[in-house]
Amino acid sequence: MKIIATLGPSTSNKKVIGELINSGADTLRLNFSHFYEKQFQEMLSIARNIDENIKIMADLQGKKIRIDEKLKETFKIYTNEIVYFCGNDAYNLFSEGKDKIKIIPLNINSEIIEDNEVNKISMKDGTMNFEVIDKNKGFIKVRVKDDGVIRAGKGCNVPGINYKYSELSKKDKESLKWAINNNIKIICQSFVESKKEINDIKKYIEDNNGDIEEIKILSKIETSTGLENYEEIMECCNGVIIARGDLIPECGMVTSVEEEFELLKKLKKYKKSKEIIIATHILDNMKKGTLPTINELESIYTFINIGATGFLLAGETSIGKYPIKTVKLLSELMNLYKK
């Protein structure tokens with residue numbers, strides 16, 4: 001079974017990366033949603049100097065909705081405050097007067113907002129929520145339900161937004177090129193909803209001198225459409241990652257639990273030939289504490305025995321206080337619970 005550990009501020013130096021590997025992490029994840037070339041190059045070099053055979057995963061941003069880079073300032077929002085979301089094209093029209101109201105541009109255009117029903121917006125794995133009051137001419141008027149910080153690049157979940165995938169984004173192409181040039185052999189695409197998204201990655205790898213026979217491609221299932229199309233997705237890649245951090249706010253907490261277990265049952269037939277990875281909320285309690293909850297232990301046991309082939313640790317290792325203890329515990333649990 002696999003343990004994929006995300007590298008980040010808590011796991012960027014030689015000592016910690018070495019301990020991650022020695023504690024049981026067999027794959028290290030670079031999250032290209034937050035790409036800093038110098039830091040990535042340093043972490044990659046450290047990891048390979050420790051273990052030249054360590055597996056590295058390049059996790060692409062995909063078509064996730066985010067706060068657009070056109071937002072240059074960072075600001076706080078407060079419970080019950082009224083703010084506005086808009087498309088990146090509409091944001092350009094309001095270069096003046098934005099100091100009077102808080103406007104948050106998304107990395108989609110106004111037409112997509114107008115063509116879809118939007119009832120809820122959330123951020124930060126569902127811990128920052130907004131109540132939609134009105135939608136008009138590409139602007140979404142919302143009431144803030146949780147205090148938080150707004151800055152460019154922050155991920156958003158907007159259930160109901162459904163825009164057609166056309167091609168790999170410029171950012172994903174740049175990330176893929178960097179991964180190919182640095183001999184990374186595992187590529188993960190986010191928010192996959194169709195086989196075309198994976199086939200486009202394969203073509204880009206081939207067109208840029210990558211060895212498609214040596215590179216594994218994993219697909220993140222994070223939306224209701226991805227759940228519906230799991231068969232065509234699974235057939236064209238090396239496995240899936242059930243990414244609960246976005247699946248929960250996209251589908252709702254109650255529904256997502258039912259959906260993920262139904263999917264795991266359907267994926268059992270692939271267990272011997274493909275990866276079935278569970279990601280996010282694995283050992284959240286150990287981000288700040290040294291012990292897991294009983295619910296986390298029960299979930300890990302259940303996932304292992306229903307067909308999961310591994311786990312992806314996100315915030316637990318990238319920003320958590322106890323990344324080494326977390327990996328070590330997960331490794332012990334996987335050996336103990338595996339039948």
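**Chat about a predicted model**

Modeller: The protein has 13 helices and 16 strands. Its radius of gyration is 20 Å, close to the 20 Å that the globule rule gives for 339 residues, so the protein is as compact as a globular protein of that length. Keep in mind that this is a predicted model.

Biologist: What box do the C-alpha atoms fill?

Modeller: Roughly 55 × 50 × 40 Å, taken along the principal axes.

Biologist: And how many of the 339 residues count as buried, as a percentage?

Modeller: Of the 339 residues, 53% count as buried.

Biologist: What about contacts between residues at least 6 apart in sequence? What share join residues at least 24 apart?

Modeller: That share is 72%.

Biologist: New topic, helix packing. At what angle do helix 11 and helix 13 pack?

Modeller: The angle is about 50°, and the axes are 10 Å apart. That makes helix 11 oblique to helix 13.

Biologist: Is the crossing left-handed or right-handed?

Modeller: Helix 11 passes helix 13 in a right-handed crossing.

Biologist: Which residues meet there?

Modeller: From helix 11, they are Leu297, Ile300, Tyr301, Ile304 and Asn305. Their partners in helix 13 are Leu330, Leu333, Met334 and Tyr337.

Biologist: How many of the residues in that contact are nonpolar, polar or charged?

Modeller: The contact has 8 nonpolar residues and 1 polar residue. It has no charged residues.

Biologist: Let's switch to the backbone. What is phi of Lys124?

Modeller: Phi of Lys124 is near 55°. That is a positive value in a residue other than glycine.

Biologist: Where is Lys124 found?

Modeller: Look in the loop between strand 7 (120-123) and strand 8 (128-136).

Biologist: Is Lys124 buried or exposed?

Modeller: Lys124 counts as exposed, because its relative accessibility is 55% and the cut-off for exposed is over 50%.

Biologist: Now Asn209. What is its phi?

Modeller: Asn209 has a positive phi of about 65°, although this residue is not a glycine.

Biologist: And which loop holds Asn209?

Modeller: Asn209 lies in the loop between helix 6 (195-207) and strand 13 (216-221).

Biologist: Why does Asn209 count as exposed?

Modeller: Asn209 counts as exposed because its relative accessibility is 74%.

Methods. Residues numbered from 1 in each chain as written. Predicted model: local features only at pLDDT ≥ 70, side-chain atom pairs only at ≥ 80, totals over all residues. Heavy atoms only, no water. Axes fitted to C-alpha atoms, helices over the stretch in contact; angles between N-to-C directions. Helix = DSSP H or I, 4+ residues; strand = E, 2+ residues; numbered from the N terminus. Parallel < 35°, antiparallel > 145°, perpendicular 65-115°, else oblique. Left-handed = near helix turned anticlockwise from the far one by under 90°. Contact = heavy atoms within 4.5 Å. Nonpolar A, V, L, I, M, F, W, Y, C, P; charged D, E, K, R; others polar. Buried < 20%, exposed > 50% of the residue type's maximum accessible area, 1.4 Å probe, protein only. Rg over C-alpha atoms; globule rule 2.2 N^0.38 Å.
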